[in-house]
Amino acid sequence: MRLSVPGPRSLAGQLFAMQAVLIAVVVAGYALFSYVSDRSQAEEAATRQARAVARSVADSPSVLAATRTADPSAELQPYALKVMRDTEVDFITIMDPRGIRWTHPDPDQIGQTFQGHTEKALRGQTFTETYTGTLGPSVRAVTPIQDGPRVVGLVSAGIRVEEITQRVQDQLTALLGVAAGALALGAIGTYVINARLRRHTHGMNAAELSRMHDYHQAALHAVREGLLMLDGQYRVALINDGGRELLGVAGDVVGRSVAALGLPAPLTGALLASEPRVDEVHLTASRVLVINTSPVSGGERRGTVVTLRDVTELQSLMGELDSERGFTQALRSQAHEAANRLHTVVSLIELGRAEEAVEFATAELELAQALTDQVVAAVSEPVLAALLLGKTAQANERGVELMVSEDSSLDDGLLPESLPARDLVTILGNLIDNAVDAAQGSVRARVTVAAYTRTSEDTPELVLRVSDTGPGVDPEHAEAVFQRGFSTKPAGPGGRGLGLALVRQTSQRHGGSLTVAGADGGGAEFEVRLPLREPETVAGGVPSGAPAARGAGGDA
């Protein structure tokens with residue numbers, strides 16, 4: 001029949017047993033160490049005490065005077081007994097140079113020969129030794145009594161080893177009592193702590209907790225959304241694969257401060273904020289992210305949980321949708337204007353003024369055709385041409401003249417596949433919208449657009465330039481206007497400060513640059529340069545040397 005000793009199955013029980021054994025081992029080890037150490041210290045203290053008493057007796061003038069009398073014992077024996085009681089030593093033996101005792105705790109031993117070594121003392125030295133004499137083993141000191149250079153007697157003072165052992169045992173007994181109390185308190189504290197641990201772990205053992213951790217890790221990294229957990233000092237406590245990808249961080253970032261991750265300043269500020277953030281849009285080098293933050297608190301700030309969603313594609317589609325809405329509004333406006341003109345022509349005919357009706361209709365047709373011919377002649381790339389025609393109608397409706405500069409020249413099929421039409425709509429559409437906003441209400445409100453290709457340092461590049469007659473860009477805001485959320489205009493329902501940030505992000509993603517300067521006739525001039533071949537080195541979506549400045553009086 002096999003007997004098995006049941007062991008603690010829960011993690012709390014295992015921790016309790018381990019801690020109880022650990023406390024017992026520590027206490028036993030400390031007791032042993034203390035016993036050895038205290039015994040050594042006790043022997044050393046006894047040696048120092050015996051040496052000091054022996055030297056004091058030997059240096060006493062009354063002792064030296066007694067050695068010169070005919071019966072030294074008569075004076076020295078009472079003196080030695082008194083000193084023994086006062087100094088708590090076990091014996092003081094005063095003897096002549098031959099070792100014949102003058103004093104001893106046992107009067108019967110007076111006149112007998114001293115048991116021990118005296119050679120060094122006879123040479124004028126004081127020494128200590130452990131020796132077994134008439135009182136048993138003792139730690140003793142032997143020192144000479146000198147009359148000038150001559151040794152006229154010897155003094156030996158000692159403490160029995162048995163007495164030293166008793167002192168150590170008394171200390172050890174007190175130590176064991178304290179250790180037993182500490183063990184009892186430790187056991188009680190361990191039991192209380194582990195009782196709480198059992199409640200927190202719901203009675204699960206180590207294997208179950210390990211399995212739960214594996215499930216947690218698998219679920220954490222399977223989630224496509226980014227998850228970031230920060231501790232109370234805003235250091236990364238946990239980040240899943242989606243979070244690494246969306247933030248563009250690599251390597252071991254756990255334990256690093258959020259400020260040291262190299263993220264854009266607005267995004268870093270949102271992560272460091274103490275208040276919750278809900279569905280905030282932020283830009284990285286190549287992505288548009290929506291972040292939500294929620295502080296973890298329980299009487300004190302413990303950290304922050306951050307979720308990240310990638311809405312880059314959604315933002316691009318919304319940009320295209322906005323452009324389509326602009327085209328629709330432009331067509332509606334043109335249809336309204338065409339209806340007005342048609343009514344004018346019909347009315348002229350009804351009034352019998354056919355020639356004037358033909359002249360009016362021909363002039364309107366020539367004007368519309370001239371605008372189309374101007375745009376198509378300058379920019380035959382179909383997407384940009386359609387965008388410019390739609391934006392022209394929109395601008396005219398708002399009282400702003402949109403012109404295509406004479407130096408514009410962009411043939412169809414010139415743009416590579418790496419530069420999709422969607423990104424061109426994002427760049428040029430946002431720049432024109434901001435320029436129209438800035439120019440509206442100014443004298444001779446006008447927006448001028450230039451689009452052409454050129455070769456710079458043996459690299460062909462596309463240049464898109466948009467200038468306006470608005471108030472221009474304050475030089476102090478030349479950098480700030482490129483940050484998401486910055487705007488010189490009141491915020492609308494959807495917020496402001498995203499347009500130019502998207503332009504810069506898209507430009508940098510293709511290895512290009514975005515700059516702002518003052519226009520010749522006042523206002524602001526934005527220029528985007530995009531290489532027509534893939535950049536060789538782009539770090540984090542931003543090519544080396546790409547400027548970070550941006551500004552406009554538009555929807556920054």
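User: Helices (H or I, at least four residues) and strands (E, at least two) are DSSP runs here, numbered from the N terminus. Where does S405 lie?

Analyst: S405 sits in the loop that joins β10 (401-404) to α12. This is a predicted model, in which local features need pLDDT of at least 70 and side-chain atom pairs count only at pLDDT 80 or more, while totals for chains, interfaces and linings use all residues. Residues are numbered from 1 along each chain as its sequence is written, and side-chain values use heavy atoms, with hydrogens and water left out.

User: Is S405 counted as buried or exposed?

Analyst: S405 counts as buried because its relative accessibility is 15%. Buried means under 20% relative accessible area, exposed means over 50%, and partly exposed is in between (1.4 Å probe, protein chains only).

User: What is S405 in contact with, leaving aside neighbours within four places in sequence?

Analyst: S405 is in contact with T448, V449 and A450. Contact means heavy atoms within 4.5 Å.

User: OK, the sheet. Which strands form it, and in what order?

Analyst: The open sheet has 5 strands in the order β10-β11-β12-β14-β13, with mixed pairing. Two strands pair if DSSP finds at least two bridges between them. β10 and β13 (513-518) are the edge strands with a single partner each, so one side of each has no neighbour in the sheet. From one strand to the next, the twist averages 20°.

User: How many bridges link β11 and β12?

Analyst: β11 (residues 446-456) and β12 (residues 459-468) pair over 10 bridges, in the antiparallel sense. T455 has P460 of β12 as its bridge partner.

User: And where does α12 go?

Analyst: α12 lies across β10, β11, β12 and β14 (524-531), and runs at about 25° to β12. Axes are lines fitted to C-alpha atoms, for helices over the stretch in contact, and angles run from 0 to 180 degrees between N-to-C directions.

User: At what angle do α12 and α13 pack?

Analyst: α12 (residues 421-439) and α13 (residues 499-509) pack at about 145°, and their axes are 9 Å apart. Residues making the contact include I427 and L431 of α12, and L502 and V503 of α13.

User: Zooming out, how many helices and strands does the protein chain have?

Analyst: The protein chain has 13 helices and 16 strands. Of its 556 residues, 39% are buried. Among contacts with a separation of 6 or more, 58% are between residues 24 or more positions apart.
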